[in-house]
Each structure stands twice: as C-alpha cells, then as structure tokens.
Amino acid sequence: MPTNNDQSVLLIISNPPFYSASNRETLDIGLAFSAFDIPVSILFIDDGILQIKSDLNSEQLAQKNLINTFKALEMYDIQDCYVINKDLERFNLSTNALAIKCKTLDKDAIAQFIQAFKTVINL
Amino acid sequence: MIFSLLIYTSKSNSQAEQTALRFTRSLLAKGHSIHRIFFYGDSVHTASNLKVTMRDEQDLTAQWLALSTQHQLDLVVCIAAAVKRGVIDESEAKRHQKPGANLQHGFSLSGLGQLADAAIHCDRMITFAN
C-alpha cells in the first residue's frame, strides 16, 4: 500500500503477454517514474497475471521476453507488486509460479486498494 | 484543479483520443488548468505531419494545434515511442540517418521524465486508452 499518498502511482497491467506493446510501455513508465523517486506499485490483473509467469517462452514468437526486465524491478526499488486471488485461481497458479515476488489481494478489496493511490495508469 | 492527460491510442483505431480532446475542451471551459498532454504508444501518430485526413473525417492533429495555440498547451510526445513508430524530428532524423523528419510543429519530443513530472505536478492525471 502507498505510504506517501501525495505521490504514489499504481500501474495496472491487464493485458496478456505478447498481446501488444502496452505491457512493455507500462513497465517503461514504472522504471522512469522510479528514477524520479516516485513510489510505484504494480497490479497484475485479469490476463495480466500471465505476463509474470516464470515459464514464458517467447522464442517461437520471435518476440522479446520481458521477464528479465520484470525481474529487474526490484533493482529499481519497485517492490510492491500485487496479484488477485481470483486470477490465481482462474489460471490454477500459485505465487510460486510467478517470476517476481507478489502480494495477493482479495478481489473484494481491489476498489479500496486502487483508491489509495494518487495516480493510476492503466494502458 | 491542475490536470494532465496521458493519451495512449491512435485515432485510427480508437475513439479515445477524440474523447480526450473533448475532455480537454471541457476542462478549459470550466476554468481548470492543463499542465501537459502526453502522447504515448500509438497516439504518437497524432504528431506526424504526413497523415492525410479524409474530407469527411476529423483532423485531430489540427484540432490539438488550434487548442494549443489558444491555450498554450504543452503537447509532448514520448520520444522512445515516437522514434519506434517513425515519428521523428530533425535532430532524431540526423541521429538515425533517416531521409526526413515528420514531427508536426507545435508538438515536441521528450522522455518519460515529462510524464513523471506531470504526475508530480498535477492534481489529476487522466489516461485515455483503449
């Protein structure tokens, strides 16, 4: 949860991997904001949770795999990553199957969670 | 209130940018101020001066420019997103050895730092995507 409500930013990733440039470009926003000392949190929601599955293989698509950049988030001081319990259930995943450390939110708590941020970006 | 807009989709496949333009006009009419309009993703095509608008369609580039002239809007285009999609100014054309530049005068290329600055300095940042 944001500690500094004045500047906190939440990035919402809701598209599946390899769908469009949006996940990559959302990630770029996170890295840039972090360089400006803006506290960034990321919420992976719906198909967006698939973006951080640790066993993604992009070779056959001839696309760049973003997973290493996601893994680098911690180095950019972005440690607040969240997934939703109903999405884990839907894809039969546990947080162990994800490449980055995520906290789990209850789906009924999402609205209140999002409301706590000053800025929310959902591309 | 101070607003900034983040526009993410292009006019050719989404209504979002048209909505953003109308939203901007409404904000100004209500007396709010606009810190920055940031064009990201496919919306960078708005800043290209090579597009041809059909006679029965809206020219959003011209409408942004008219609004910008009237209200001194800061129209910033993400440089990384723009260069990738072939929207470049003179100095990028030189740097990447391209035959010409196509950034519409009135728009400027800059980095995501300008979006971070907008997030810090405005009361509300509204995203227009999808």
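Mentor: With handedness: a crossing is left-handed if the near helix is turned anticlockwise from the far one by less than a right angle, and right-handed if clockwise. The model here is predicted. In it, the crossing of H1(B) and H2(B) is left-handed.

Trainee: At what angle do H1(B) and H2(B) pack, and how far apart are their axes?

Mentor: Two packed helices are described by the angle between their axes and the distance between the axes. For H1(B) and H2(B) the angle is about 20° and the axes are 11 Å apart. Angles under 35 degrees count as roughly parallel, so H1(B) is roughly parallel to H2(B).

Trainee: Which residues of H1(B) and H2(B) meet?

Mentor: From H1(B), B:Glu17, B:Gln18, B:Leu21, B:Thr24, B:Arg25 and B:Leu28 take part. Their partners in H2(B) are B:Leu60, B:Gln63, B:Trp64, B:Leu67 and B:His71.

Trainee: Which residues of H2(B) are buried?

Mentor: B:Leu60, B:Thr61 and B:Trp64 are buried. Seen down the axis of H2(B), the buried residues fall within an arc of 105°, so they line one face of the helix. Their cover includes helix H1 (16–29) and strand S3 (75–78) of chain B. The face turned away from the buried side carries exposed residues: B:Ala62, B:Ala66, B:Thr69 and B:Gln70.

Trainee: What span should the twelve residues of helix H2 of chain B have?

Mentor: At 1.5 Å a residue, helix H2 (residues 60–71) of chain B should span 16 Å, and its end C-alpha atoms are 16 Å apart, which agrees. After H2(B) comes B:Gln72, with a positive phi near 50°.

Note on methods
Residues are numbered from 1 along each chain as its sequence is written. Chains are lettered from A and ligands numbered from 1 in the order in which they are written. This is a predicted model: local features need pLDDT of at least 70, side-chain atom pairs count only at pLDDT 80 or more; totals for chains, interfaces and linings use all residues. Helices (H or I, at least four residues) and strands (E, at least two) are DSSP runs, numbered from the N terminus. The expected span of a helix is 1.5 Å times one less than its number of residues. A residue is buried if 20 or more other C-beta atoms lie within 10 Å of its own, exposed if 12 or fewer, and partly exposed in between; C-beta atoms are placed from the backbone. The arc is that of the directions from the helix axis to the C-beta atoms. Two residues are in contact if their C-beta atoms, placed from the backbone, lie within 7 Å. Axes are lines fitted to C-alpha atoms, for helices over the stretch in contact, and angles run from 0 to 180 degrees between N-to-C directions. Angles under 35 degrees count as roughly parallel, over 145 as roughly antiparallel, 65 to 115 as roughly perpendicular and the rest as oblique.
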